[in-house]
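Here is a protein chain with a set of questions about how its parts are described. Each answer sets a value against the rule that applies to it.

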Amino acid sequence: MTVSYVALGANLGELRRQLETAIEEIKHLPATRFVRASGFYRSAPLGYADQPDFLNAVVQLETGLPPEGLLDRLQEIEHRHGRERPFPGAPRTLDLDLLLYGEQVVATPRLRLPHPRMHERAFVLLPLLELDSAISIPGKGPAKSLLPACNSQKIEKIE
């Protein structure tokens with residue numbers, strides 16, 4: 001079993017319900033044990049700014065699925081939630097990003113691990129650090145030391 005982390009985000013529809021439903025679906029993935037989920041965070045969009053704020057979270061899993069197999073299952077969940085990809089950074093009903101798969105570094109046409117921009121995103125780093133305050137991103141270093149570079153990003157924890 002490999003410890004893995006998945007980021008969840010949505011900014012279209014009933015955000016909290018969509019993330020909660022996605023977490024329930026993730027809990028039933030084959031060969032996978034759900035460990036825990038972070039709290040929810042509201043964040044301003046990065047990149048394409050003309051869209052609603054996001055609701056984000058991160059979940060920790062232990063999985064026997066290979067990285068691309070886990071990615072396939074996550075994309076199936078996105079598809080069931082009506083995920084469309086009209087252009088990069090477009091608003092979305094659900095976004096599931098495989099962030100980390102153990103310490104593996106992967107670069108295939110379909111998958112890059114660790115997620116290539118996770119170290120630049122407060123909406124990933126804060127919930128990730130909530131789950132593991134000592135976590136390190138392969139090739140980047142401790143997540144705690146990467147967070148100060150994201151101080152200008154608007155984010156708040158939702159109770």
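Q: Which elements cover the buried residues of H1?
A: In this predicted model, the cover includes strands E1 (2-10), E2 (32-37), E3 (40-43), E4 (54-63) and E5 (95-101), together with helix H2 (67-80).

Q: Which residues of H1 are the buried ones?
A: They are Gln18, Leu19, Ala22, Ile23, Glu25 and Ile26. These residues cover an arc of only 160 degrees around the axis, so they lie on the same side of H1.

Q: How do you know what span to expect of H1, residues 15-26?
A: The expected span is 1.5 Å times one less than the number of residues. H1 has 12 residues and reaches 16 Å from its first C-alpha to its last, close to the 16 Å expected.

Q: What span does H2 reach, and what is expected?
A: H2 has 14 residues and reaches 20 Å between its first and last C-alpha atoms, close to the 20 Å expected at 1.5 Å a residue.

Q: Which residues of H2 are buried, and what covers them?
A: Pro67, Gly69, Leu70, Leu71, Leu74, Ile77 and Glu78 are buried in H2. Their cover includes E1, H1, E4, E5 and E7. Just after H2 comes Gly82, with a positive phi of about 80 degrees.

Q: Why is Ala31 called partly exposed?
A: Partly exposed covers the range between the buried limit of 20% and the exposed limit of 50%. Ala31 has a relative accessibility of 48%, so it counts as partly exposed. Ala31 is in the loop between H1 and E2, and it has a positive phi of about 55 degrees although it is not a glycine.

Q: Why is Gln60 called buried?
A: Buried means under 20% relative accessible area. Gln60 is at 9%, and therefore counts as buried. Gln60 lies in strand E4. Leaving aside neighbours within four places in sequence, Gln60 is in contact with Val3, Ser4, Tyr5, Phe34, Val35, Arg36 and Leu131.

Q: What makes Ala107 exposed or buried?
A: Exposed means over 50% relative accessible area. Ala107 is at 69%, so it counts as exposed. This residue lies in strand E6 (residues 106-107). The C-alpha atoms of Ala107 and Pro67 are separated by 11 Å, and the two residues are 40 apart along the chain.

Q: What makes His119 buried or exposed?
A: The limit for buried is under 20%. His119 has a relative accessible area of 15%, so it is buried. His119 sits in the loop between strand E7 (112-113) and helix H3 (122-131). Apart from neighbours within four places in sequence, His119 is in contact with Leu125, Ile137, Lys140, Leu146 and Cys150.

Q: Where is the cis peptide bond that involves Pro114?
A: The cis bond joins Leu113 and Pro114, with omega at about -5 degrees. Pro114 lies in the loop between E7 and H3.

Q: Why is H3 described as largely enclosed?
A: Of the 10 residues of H3, 8 are buried, so H3 is largely enclosed by the rest of the structure. The buried residues are Ala122, Phe123, Val124, Leu125, Pro127, Leu128, Leu129 and Leu131.

Q: Why is Ile155 called partly exposed?
A: A residue under 20% would be buried and one over 50% exposed. Ile155 has a relative accessible area of 23%, so it is partly exposed. Ile155 is in strand E10 (residues 155-158).

Q: Which residues is Ile155 in contact with, beyond its neighbours within four places in sequence?
A: The contacts are Tyr41, Arg42, Ser43, Ala122, Phe123 and Leu126. Tyr41 and Ile155 are 114 residues apart in sequence, and their C-alpha atoms are 6.6 Å apart in space.

Q: How much space lies in the largest pocket, and which residues are closest to its centre?
A: The largest pocket holds about 800 Å³ of space. Among the 38 residues that line it, Arg92, Asp95, Asp97, His115 and Arg117 are the closest to the centre. E1, E4, H2 and E5 are the elements that give two or more residues to the lining. E5 gives the largest share, 4 residues.

Q: What classes of residue make up the lining of the largest pocket?
A: The lining has 18 nonpolar, 9 polar and 11 charged residues.

Technical notes. Residues are numbered from 1 along each chain as its sequence is written. This is a predicted model: local features need pLDDT of at least 70, side-chain atom pairs count only at pLDDT 80 or more; totals for chains, interfaces and linings use all residues. Side-chain values use heavy atoms; hydrogens and water are left out. Buried means under 20% relative accessible area, exposed over 50%, partly exposed in between (1.4 Å probe, protein chains only). The arc is that of the directions from the helix axis to the C-beta atoms. Contact means heavy atoms within 4.5 Å. On a 1 Å grid over the protein atoms alone, a cavity is a set of points where a 1.4 Å probe fits but cannot get out, and a pocket is an open set with protein on both sides within 12 Å along at least five of seven lines; lining residues have an atom within 4 Å of a point. Grid points are joined across faces, edges and corners, and a volume is the space filled by probe spheres set on the points. Ala, Val, Leu, Ile, Met, Phe, Trp, Tyr, Cys and Pro count as nonpolar, Asp, Glu, Lys and Arg as charged, and the others, Gly among them, as polar.
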